[in-house]
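Hi,

Here is the structure for you to look over. My notes follow below it.

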Number of protein chains: 2
Amino acid sequence: MSFDMTALFRPDLPAAGGRWGGYPEYSFVGGHNDGDNVPFGGLSEAAVSVLRREGSSLASYNVGGSPQGYAPLREFIAGSLESRASTPTDPEDVLVVSGSLQALDLVNGVLLESGDTVIVEMATYGGMIARLQRLGVEVVGVHLDDDGIRSDHLGELLSDMAARGVKPKYIYTIPTVQNPTGSVMPVERRLEVLALAREHGVAIFEDDCYADLVFDGSRPPTFRALDDGGGQVVYCGSFSKSIAPALRVGYLVADWAVLGQMMALKNDAGTGAIEQMVLAEYASSHFDDHVRQLASVLEGKCRAMTDAVTASFGDAASFTMPKGGIFVWVTFAEGVNTGRLAKPALEAGVEFNPGAGWSADREWGRRRLRLCFGHPSVETIRQGVGVLADVFRDQGVI
Amino acid sequence: MSFDMTALFRPDLPAAGGRWGGYPEYSFVGGHNDGDNVPFGGLSEAAVSVLRREGSSLASYNVGGSPQGYAPLREFIAGSLESRASTPTDPEDVLVVSGSLQALDLVNGVLLESGDTVIVEMATYGGMIARLQRLGVEVVGVHLDDDGIRSDHLGELLSDMAARGVKPKYIYTIPTVQNPTGSVMPVERRLEVLALAREHGVAIFEDDCYADLVFDGSRPPTFRALDDGGGQVVYCGSFSKSIAPALRVGYLVADWAVLGQMMALKNDAGTGAIEQMVLAEYASSHFDDHVRQLASVLEGKCRAMTDAVTASFGDAASFTMPKGGIFVWVTFAEGVNTGRLAKPALEAGVEFNPGAGWSADREWGRRRLRLCFGHPSVETIRQGVGVLADVFRDQGVI
């Protein structure tokens, strides 16, 4: 008789998923990227050269070096933060992680307990909201405008919380190519947010995962660079969006007091060394050119997506033009519930992210949705958005 | 003034580590492998061929496939389990993970709560003991002989626990090339352990991470293969020992009811794809030959290590000859405390694993230690063991 191991499961597990069923015809979800712009030729040359030179060092965990990550990769990251984002960085303040999701887990692991409060942007990365909720953390949304966090609203929130004796642990912000709105926060706004946070003793968790994909190539200085007093910002970035998401290499930048504590929680015996070595070898000579080319392709796809939304939905949909990245955030009339449309859309072959899952306040997000355009071709984008609009019409929503 | 983020830390964190300080002259710890036998030429050829063929699929998470892992790698793992360990396996029952440490975390995440009990081998992998203790799990050691778990003692333990109303969740075993003893459990013993566990409704967690490194190449069938009724065993393996530890690719094999639930906890957006692709490409044509060659080199190093221990320590040290792997488990006289010798040894340039950390019962392990021989050269092994014996003599222990 078969043994029933499920009878031994702990009782509070999240729902198990089903078998993976493949992608629908028009997949507008997920951080996938443009297939024609994965620099696999360069990556493969890099693999040959770095493995020939240093392959035997794979015999040791962390290729015989620091568990902070492969030194040449940390040096590239530090140099790139300085040259691309005006953020002078010591490679000793960099921790390479197994994708930026591990960065989220490490920051949360060090700072958060059940019952804590965190401020996030009203529309933000759904995976972060889900993580915070699983930890039993109170998630409070701060309103956004086209320049990101509205500092007037942030001030109100912080004062209200202080009056109630609540001190949030950190403000989670995606300031450059905000997910999902695609906005870029100007320097002045960053300085206001930093000052308010400092006044209230709140840390900043700056998620810069999409920042390399600004369409016009101009990246403002990071919060971490603008943090004059120092110590207030923990920063994370990733190669998933700039090189390829199937690689799992991200990074954290923080002062040692924070980084050393996060390392005590990173008990995975290091991040995959071949990916680190290949990335370091490739990126040190090709990164800027590659990202320039990729951003220009994505800008074209962004235009195709926004044009298709305008053509197919007309006045029923509104959005702010993204300044970079791989997604657009679309808002419909009061009363629309995009969550209810996910199933009929999928049946018609279209997948999108309903806004509730990408919003600190599900009710606020209900009439919104996120459309990703990095992976599908321009033709797939046009057709798929047309099909989606048909579903909206069939359902009597527009 | 600098912002003090440490004031926001949650209160129950493990101690933060210091900066990495490099390896000592004679490093006999860690799962490092032989530097001359990393097949980096083959890995680099594999990288070129697989990236040229499928590189653009890196643009999607999980290279556009199932989050269970790169399909050709799961097929290789399944085929290899059948041909090398008499374990017919469906690739759909394989989950590729980011190193076997993630496998431990996923199994524990699904099965364990604080207050649960787990049975481990009296001498076992230190990283597992540390994980179980952090989870607040009661760790009970079952005695070993040269054939692994003593089923008479296991029977006693299970009956005593049943009488006290305690039902352990699982038995954690490393049956083939046991860590740290290097023993291989014969089939009859496996069947006895399985039967006892089934009688008491206890699952088996089979960790086969070192199993490819049996010196004589003969691997018994796994617990998973011997589990006639089915459903009782969750199995994990790794490429860290057979290919290179700096790669972070391991795997879990379990029935879907268990695997699907573990996948709901694996929220890392997949395991690094380049490492999976390169491994699959390389291993499918070179794995058996490579492992045969590697095991023969390791057997030589094992002989060097055990000869050195005998030459330098004489009757003061005893050990059972490992049947495979990269470590030997050495026992000293009653009253010796190897933990106290770690510091003077390190000052003399020698690092070893004190036995207490590798034992379910720290007191039992105190007079034992683990010496790893995969990475150092034969000459380094000889010299280092000599230096270690000098330290033992200087400290009046032998």
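Where is the place of Pro180(B)? Pro180(B) sits in the loop between strand 7 (170–173) and helix 6 (187–199) of chain B. Bear in mind that this is a predicted model.

Cis peptides first. Asn179(B) and Pro180(B) are joined by a cis peptide bond, with omega about 15 degrees. In chain A, a cis bond links Asn179(A) to Pro180(A), and omega is about 15 degrees. Pro180(A) lies in the loop between strand 7 (170–173) and helix 6 (187–199) of chain A. Most peptide bonds are trans.

Next, backbone phi. Asn62(A) is not a glycine, yet its phi is positive, about 55 degrees. Asn62(A) belongs to the loop between helix 1 and helix 2 (71–85) of chain A. Asn62(A) counts as buried because 23 other C-beta atoms lie within 10 Å, and the cut-off is 20 or more. Val63(B), also not a glycine, has a positive phi of about 40 degrees. Val63(B) is in the loop between helix 1 and helix 2 (71–85) of chain B. Val63(B) is buried, with 24 other C-beta atoms within 10 Å.

Now helix 1 of chain A, residues 40–54. Its 15 residues should span 21 Å at 1.5 Å a residue; the end C-alpha atoms are 20 Å apart, which agrees. Its buried residues include Phe40(A), Leu43(A), Ala47(A) and Leu51(A). Among what covers the buried residues are helix 9 (273–313) of chain A and helix 1 (40–54) of chain B.

Last, the core. The largest nonpolar core has 271 residues, and Leu252(A) and Leu252(B) have the most contacts inside it. Leu252(B) touches residues including Leu95(B), Val97(B), Tyr235(B) and Met262(B).

Best wishes

Conventions:
Residues are numbered from 1 along each chain as its sequence is written. Chains are lettered from A and ligands numbered from 1 in the order in which they are written. This is a predicted model: local features need pLDDT of at least 70, side-chain atom pairs count only at pLDDT 80 or more; totals for chains, interfaces and linings use all residues. Helices (H or I, at least four residues) and strands (E, at least two) are DSSP runs, numbered from the N terminus. The expected span of a helix is 1.5 Å times one less than its number of residues. A residue is buried if 20 or more other C-beta atoms lie within 10 Å of its own, exposed if 12 or fewer, and partly exposed in between; C-beta atoms are placed from the backbone. Two residues are in contact if their C-beta atoms, placed from the backbone, lie within 7 Å. A nonpolar core is a set of buried Ala, Val, Leu, Ile, Met, Phe, Trp, Tyr and Cys residues joined through C-beta atoms within 7 Å. Lists of a residue's contacts leave out its neighbours within four places in sequence.
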